[in-house]
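Colleague: I'd like to learn how to read a protein model. Could you walk me through one?

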Amino acid sequence: MSAPQTKAKTRWHIVVFLAPAVFVYTAVMIYPLFNTLRLSFFDTVDRERIFVGLENFRTLFGNAIWSDQFWNALGNNFWFFVIHMLVQNPIGIALAAILSSPRLRFAALYRTAIFVPTILSFVIVGFAWKLILSPIWGIAPGMLDAIGLKFLYAPWLGKEEYALTTLSLVSVWQFVGIPMMLIYAALLSIPEEILEAGECDGITGLSAFWKIKLPLILPSIGIISILTFVSNFNAFDLIYAAQGALAGPDFSTDILGTFMYRTFFGFQLQLGDPHMGSAIASAMFLIILVGVCLYLFGIQRRLRTYQF
Amino acid sequence: MHTAREKLSTKLGAHGVLILYTLIALFPVFVIVTNSFKTRRAIFRDPLGLPNEESFSLIGYETVMKQGDFFLYFQNSMIVTVASLFFILLFGAMAAFALAEYRFKGNTLMGLYLALGIMIPIRIGTVAILEMMVSTGLVNTLWALILVYTAQGLPLAVFILSEFMKGVSDDLKNAGRIDGLSEYKIFFVLVLPLVRPAMATVAVFNMIPIWNDLWFPLILAPAEETKTLTLGSQVFIGQFVTDWNAVLSALSLAILPVMVLYVIFSRQLIRGITSGAVK
């Protein structure tokens, strides 16, 4: 190739190919991201934006009105995440394991049906479950009554102690399809020979799953965990659709996303405050960054990826 | 005999679990859609029954059609989704081609820079995005949404597409160069048609989150004439909380377009996920 010749002049087509993507991405995503971090060091005084250093963060963590809300939202967000990790991912893995069993009939049909909730919007999911669990309509109490468990019923979404767990489970119901699909793909990529070798040694059925398949799909489980983490700490829509911006009852379902929305946009009597909103956004950014770094440098390095 | 029977029972067990979970997954959709066709009395007296001659009613749909501007909302959602997908695919494929095809200074760095956005959600920057849209006058226009979704979709699109483009044969491109095709022609005429399956995967991955998003329509384009279907149904249902017929009909109408899209693209979507495009 005539490398020296092309080196001499600028290859404009590379610039043309890269420019639109880099421009839109930088202008609408990266620049606002850093601008939001920057805005968290400012405040409005007499209609003028002035630099206040760490004042917003001092308010957020030092002023009880703010810090109580922040820690409440963060704690709720952690519980939201824990439920996803403990319920969504195991169910997803179990369903994928069953689906990937050889010569299973209707596998495509089950796969398609179980993925349906994932494609619905949070608005539909939030309201549908709100109606189903509502004591006025009575589908949930009616069904529990039919199997003799009516005493278990409570207006779950209206009780402070249950509301967050109920909404987390609704979100689990919605997103089980994603871990299921990713694990299913990972299970299908395990070569037959390995499983056959295990079979010769008498490892079949469940023990084949625990001893051979599970160690091989650990990297995929790692990816699912970090995806769950990022999407949970950035969640908003389901809580907003089901409980409104106030994340009732009494803020018991408030998570970082709804807290940031209320702060930044305002609601009812509270005026919106973009600078405090930025401060919360910066805190969320830091949490997600720490989580992603822990995964990339702590977990992913230890998981061996097997190349077949 | 013994093992055959054992195999049959594990098979039945597998189907049992899958059927149970399928029912759990579809039950809410079923309840919402069937009840939307019933009279108010039947909705409450027999919520699990199918509509029959006596209980059949379209009153909810009539209310929705009279009150909500669902057709306009639908059109807005359609414009935003299609335009965003177009820009994600066009700009994403162009950038992916540059990264995969040419060796230049900063290639790796540029790839890493574009990949940053895969893990960091764009919502974190909402405060500054809103300020920017207000100052450029784009707030309450569909362009605000299209730009945001394009930026949001680009990182993963570039990542997936450049993996695919590395697989396109060099001989083909060099043959094109010998025939005197420009680099642009090589990209648009030779390479783009070959990566169509990957582009379809990217499109399907982006389509549903864009269609269903509530956050950005709520913040950037809440005006009546720019409401998307997701935001529109949220507002409508909020206003009609006590009119169960209308709420159930609105929910069913909101489910309908996504289901249609899903039925059309589900094979593509599932193939995309299982072929490891997101690994």
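Modeller: Let's go from the overall form of a chain down to single residues, and then to the contact between chains. Keep in mind that this is a predicted model.

Colleague: Fine by me. How many helices and strands does chain A have?

Modeller: Chain A has 14 helices and 4 strands.

Colleague: And what radius of gyration does chain A have, next to that of a compact globule of 308 residues?

Modeller: A compact globule of that length would come out near 19 Å, but chain A has 25 Å. Along the principal axes, the C-alpha atoms of chain A fill a box of roughly 80 × 80 × 30 Å.

Colleague: Which domains does the assignment give for chain A?

Modeller: Domain 1 covers 3-31, and domain 2 covers 64-299. The C-alpha centres of these two domains in chain A are 39 Å apart.

Colleague: What share of chain A is buried?

Modeller: Buried residues account for 39% of the 308 residues in chain A.

Colleague: Now the strands. In which sense do strand 1 and strand 2 of chain A pair?

Modeller: Strand 1 (residues 42-45) and strand 2 (residues 48-51) of chain A pair in the antiparallel sense, over 4 bridges. To follow the pairing, look across from one strand to the other: A:Phe42 stands opposite A:Phe51, and A:Val45 stands opposite A:Glu48.

Colleague: What should I know about side chains in a strand?

Modeller: As a general idea, side chains in a regular strand alternate between the two faces of the sheet.

Colleague: And how do I read a phi angle?

Modeller: Then look for the exceptions. The hairpin of strand 1 and strand 2 of chain A has 2 residues between the strands, and A:Asp46 there takes a positive phi near 50°. A:Arg47, in the loop between strand 1 and strand 2 of chain A, has a positive phi of about 60° although it is not a glycine.

Colleague: Is A:Arg47 buried or exposed?

Modeller: A:Arg47 has 5 others within 10 Å, so it is exposed. Now try A:Phe106, in the loop between helix 4 (64-99) and helix 5 (107-119) of chain A. Its phi is positive too, near 60°, and with 14 other C-beta atoms within 10 Å, A:Phe106 is partly exposed.

Colleague: Can we do a helix? How far does helix 10 of chain B reach?

Modeller: Helix 10 (residues 196-212) of chain B has 17 residues and reaches 25 Å from its first C-alpha to its last, close to the expected 24 Å. Of those 17 residues, 12 are buried, so helix 10 of chain B is largely enclosed by the rest of the structure. Among the buried ones are B:Met199, B:Phe205 and B:Trp211.

Colleague: Last one: how many residues of chain B are in contact with chain A?

Modeller: 65 residues of chain B are in contact with 62 residues of chain A. On the chain B side, helix 1 (residues 2-35) gives the most, with 11 residues. Sorted by class, that side has 49 nonpolar, 14 polar and 2 charged residues.

Methods. Residues are numbered from 1 along each chain as its sequence is written. Chains are lettered from A and ligands numbered from 1 in the order in which they are written. This is a predicted model: local features need pLDDT of at least 70, side-chain atom pairs count only at pLDDT 80 or more; totals for chains, interfaces and linings use all residues. Domain bounds come from an automatic or database domain assignment. Two strands pair if DSSP finds at least two bridges between them. The radius of gyration is taken over C-alpha atoms; the globule rule is 2.2 Å times the number of residues to the power 0.38. A residue is buried if 20 or more other C-beta atoms lie within 10 Å of its own, exposed if 12 or fewer, and partly exposed in between; C-beta atoms are placed from the backbone. Two residues are in contact if their C-beta atoms, placed from the backbone, lie within 7 Å. Ala, Val, Leu, Ile, Met, Phe, Trp, Tyr, Cys and Pro count as nonpolar, Asp, Glu, Lys and Arg as charged, and the others, Gly among them, as polar. The expected span of a helix is 1.5 Å times one less than its number of residues.
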